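Good morning, and thank you for making time for this item.

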Amino acid sequence: MRGTRVTTAFQKVGSAMTFLYDYGDEWRFRVEVIGTGQAQPDANYPRIVGKIGKAPPQYPDIDDE
């Protein structure tokens, strides 16, 4: 995955995928291309431009469970 370009997996605006992370907890998240543009020097890509809800802690304290 590290060498995969975003444009290979998401070939046009509107392309979307649902990903499953952590098979035990089954965290699912959706990624959608909402636009394209010129790359800006010194910017990190891909960028998160929006999110909905609060992400759960990945490694909660054992006492919290």
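Let me begin with terms: helices (H or I, at least four residues) and strands (E, at least two) are DSSP runs, numbered from the N terminus. Two strands pair if DSSP finds at least two bridges between them.

The provenance comes next. This is a predicted model, in which local features need pLDDT of at least 70 and side-chain atom pairs count only at pLDDT 80 or more, while totals for chains, interfaces and linings use all residues. Residues are numbered from 1 along each chain as its sequence is written, and side-chain values use heavy atoms, with hydrogens and water left out.

On confidence, pLDDT is the predictor's own confidence in each residue, on a scale from 0 to 100. The average over the protein is 82, and 95% of the residues score at least 70. Among the elements, S1 has the highest mean pLDDT, at 91, whereas helix H1, residues 6-9, has the lowest, at 82.

Now to the strands. How do S1 and S2 pair, in the parallel or the antiparallel sense? Strand S1, residues 16-21, and strand S2, residues 27-32, pair in the antiparallel sense, over six bridges. Met-17 has Val-31 in S2 as its bridge partner, and Thr-18 has Arg-30 in S2. The hairpin of S1 and S2 has five residues between the strands, and there Asp-22 takes a positive phi near 65°.

Glu-26 also belongs to the loop between S1 and S2. Its phi is near 55°, a positive value in a residue other than glycine. Glu-26 is partly exposed, with a relative accessible area of 43%; in this scheme buried means under 20% relative accessible area, exposed means over 50%, and partly exposed lies in between, using a 1.4 Å probe and protein chains only.

Which residue does the side chain of Glu-26 meet in a salt bridge? The partner is Arg-28, at 3.0 Å from N to O. The criterion is a side-chain nitrogen of Lys or Arg within 4 Å of a carboxyl oxygen of Asp or Glu, and the structure holds one such salt bridge. Arg-28, at 56% relative accessibility, counts as exposed.

The aromatic residues follow. Rings of Phe, Tyr and Trp (its six-membered ring) pair if their centres lie within 6.5 Å; planes under 30 degrees apart count as stacked, over 60 as edge-to-face and the rest as tilted. The structure holds two aromatic pairs. In one of them, the ring centres of Phe-19 and Phe-29 are 5.4 Å apart and the planes are at 15°, so this pair is stacked. It links distant parts of the chain, with Phe-19 in strand S1 and Phe-29 in strand S2, 10 residues apart. Phe-19 is partly exposed at a relative accessible area of 26%, and Phe-29 is partly exposed at 42%.

Phe-29 also figures in a spacing along the chain. Its C-alpha lies 10.0 Å from that of Lys-51, with 22 residues of separation in sequence. Lys-51 is in the segment after S2 and is exposed, at 74% relative accessibility. Asp-42 is in the segment after S2 as well. Asp-42 has a positive phi near 65°, in a residue other than glycine, and is exposed, with a relative accessible area of 84%.

What of the loop between H1 and S1? Ser-15 lies there and is buried, with a relative accessible area of 16%.

Finally, the largest pocket holds about 2,000 Å³ of space. Of the 39 residues that line it, the closest to its centre are Val-31, Glu-32, Pro-46, Arg-47 and Ile-48. H1, S1 and S2 are the elements that give two or more residues to the lining, and S2 gives the most, with six. On a 1 Å grid over the protein atoms alone, a pocket is an open set of points where a 1.4 Å probe fits, with protein on both sides within 12 Å along at least five of seven lines; lining residues have an atom within 4 Å of a point. Grid points are joined across faces, edges and corners, and the volume is the space filled by probe spheres set on the points.
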